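User: I have a model open on my screen and would like to learn how to read its features. Could you take me through them step by step?

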Amino acid sequence: MPVFDRVLRSRRIFTPRGVIDGAVAIAGERIAALLTGGDIPADSVDLGDAALLPGLVDSHAHLNEPGRTEWEGFETATRAAAAGGVTTIVDMPLNCIPVTTTLAAFEAKRAAVADHAHVDYAFWGGVVPGNADELGPMIEAGITGAKAFLCHSGIDDFPAATEADLRRAMPILAAAGRPLLVHAELESPGPSTHEDPRHYATYLASRPAGWEVDAVRLCIDLCREFRGPVHIVHLSAADALSLAEGARAEGLPFSLETCPHYLILAAEEIADGRTEYKCAPPIRERENRERLWDGLRRGLIELVVSDHSPCTPALKRPETGDFLSAWGGISTLQLGLPLVWTEAERRGFQLADLPRWMSMAPARLAGLSHKGAIAVGLDADLVVFEPEPSQVVRPEQLHFRHKITPYLGRTLRGRVRETILRGTTIYRGETFPASAHGRLQRPSTRGAHG
Ligand SMILES: [Zn+2]
């Protein structure tokens, strides 16, 4: 009998090959075996009816360190991640200072966060005008790919890329098999509005779905021309799904993600002045939301990731409730699993769908082939999840820095009981029993479809 450090027994273990009744055996930091029947040792830990899922990989989060730790920071964000069953985070190249658009900035970020991450982490680089020469060195140093904006990013030190900038970046990324990530809103002049900025409808009208559709079309054209992976972050406009369907039929390495807020919230339900609901692209109408779920059902949307994007409370302009001047970004990090489960179950999805959207596909996008699934040889990153009990979201249970989120007071189904990172319990029953031992991860495989 081989020697294992821990053996976890569950009747519902979610593996890429299906749900099994058995046990996960851990040796050191890895999954050493999947056991069933008489092979399960008598001293294994029985999780009862709790499900055992792979740790979530959140490939879209803004942790804002270094430089804007008054907005968030690795200490608080990775505690929230651990409490939410997220074992790996891929941090966006903004809104930290400096933004991650040079090798020097990448090294500065790596040094700044090294000793206080509670979960594993990796970094996206950024594509901005004039930084193409930095992409090769950043890829060499371990970025998982690079993100560009086609509109103003919200901060002036991360300017929008033009099509010409993307054309310089694409061959470099494609040669390395790393994806270009795009914030897909291509601004076009619309009628200027003088409606009340406290009305959500005023904000929604300022960023029409057509902006997303135009940007997605451009991205698919670039994907076709350069034959490198292109990934659209945080899709909100379901109108773009038919374009994605065409790209899929052509066999292009093109992929889409969406976020819990687009799947759960709806424009019709946002009251005046409630700027905690503001993000870009905007949350759209119920009918659009249901078409996004259909996109997941049809496999056109492959990832559900948080786009956790906090700021200081003042930047949400609570005193005026002005949607146009408030910071756009929603804090979700700790809540993704129960949020998505609650709404997915209501629409007839299975719990087995969540590891595909929230662990496997994001790990694949970031090239982290040792993460994102319960399989022998992979990192022992696990979540013990109780799918049945309900909980109400309370501010005191949230671990991200500012307890501002549209989900306060919401009743969610499912609860994270325990989170395990590389074999060590990092969260259990509202406590964090291990020291912060998250490590920088580098892509080990070529990109999303390479
Ligand atoms: Zn984002």
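User: Where is Asn-95 found, and what is the peptide bond from Leu-94 to Asn-95 like?

Analyst: Most residues other than glycine have a negative phi, and most peptide bonds are trans. Here the bond from Leu-94 to Asn-95 is cis, with omega near 20 degrees. Asn-95 is found in the loop between strand E7 (86–91) and helix H2 (103–113). Helices (H or I, at least four residues) and strands (E, at least two) are DSSP runs, numbered from the N terminus. This is a predicted model, in which local features need pLDDT of at least 70, side-chain atom pairs count only at pLDDT 80 or more, and totals for chains, interfaces and linings use all residues. Residues are numbered from 1 along each chain as its sequence is written, and side-chain values use heavy atoms, with hydrogens and water left out.

User: Which residues does the other cis bond join, with omega about -5 degrees?

Analyst: That cis peptide bond joins Ala-280 and Pro-281. Pro-281 has its place in the loop between helix H8 (260–264) and helix H9 (286–297).

User: What is phi near in His-234, and is the residue buried or exposed?

Analyst: Phi of His-234 is near 35 degrees, a positive value in a residue other than glycine. Look for His-234 in the loop between E12 and helix H7 (241–250). Buried means under 20% relative accessible area, exposed over 50%, partly exposed in between (1.4 Å probe, protein chains only). At 3% relative accessibility, His-234 counts as buried. Asp-307 also has a positive phi, of about 50 degrees, although it is not a glycine. Asp-307 sits in the loop between E14 and helix H10 (336–346), and with a relative accessible area of 8% Asp-307 is buried.

User: How many strands form the open sheet, and in what order?

Analyst: Two strands pair if DSSP finds at least two bridges between them. In this model 6 strands form an open sheet, in the order E9-E10-E11-E12-E13-E14, with parallel pairing. Its edge strands, E9 (125–126) and E14 (303–304), each pair on one side only. For a pair to inspect, take E11 (residues 180–183) and E12 (residues 230–232), which are joined in the parallel sense over 3 bridges. Leu-180 stands opposite Val-230 in E12.

User: How many aromatic pairs does the structure hold?

Analyst: A pair of aromatic rings is described by the distance of the centres and the angle of the planes. Rings of Phe, Tyr and Trp (its six-membered ring) pair if their centres lie within 6.5 Å; planes under 30 degrees apart count as stacked, over 60 as edge-to-face and the rest as tilted. The structure holds 12 aromatic pairs. One of them is Phe-74 with Tyr-121, edge-to-face at 5.5 Å centre to centre and 80 degrees between the planes. This pair links distant parts of the chain, with Phe-74 in helix H1 (residues 74–83) and Tyr-121 in strand E8 (residues 120–123), 47 residues apart. Phe-74 is buried at 0% relative accessibility, and Tyr-121 is buried at 4%. Ring pairs also link Phe-74, Phe-106, Tyr-121 and Phe-123 into a cluster.

User: Over which ring does the charged end of Arg-68 sit?

Analyst: A charge sits over a ring if NZ of Lys or CZ of Arg is within 6 Å of the ring centre and within 35 degrees of the ring normal. The charged end of Arg-68 sits over the ring of Trp-71, 4.9 Å from its centre. For Arg-79, the ring is that of Phe-432, with the charged end 4.8 Å from the centre.

User: Which residues lie nearest the centre of the largest pocket?

Analyst: On a 1 Å grid over the protein atoms alone, a pocket is an open set of points where a 1.4 Å probe fits, with protein on both sides within 12 Å along at least five of seven lines; lining residues have an atom within 4 Å of a point. The largest pocket is lined by 31 residues, and His-152, Ser-153, Arg-207, Ala-280 and Gly-328 lie nearest its centre. Strand E10 (146–149) and H5 each supply at least two residues of this lining.
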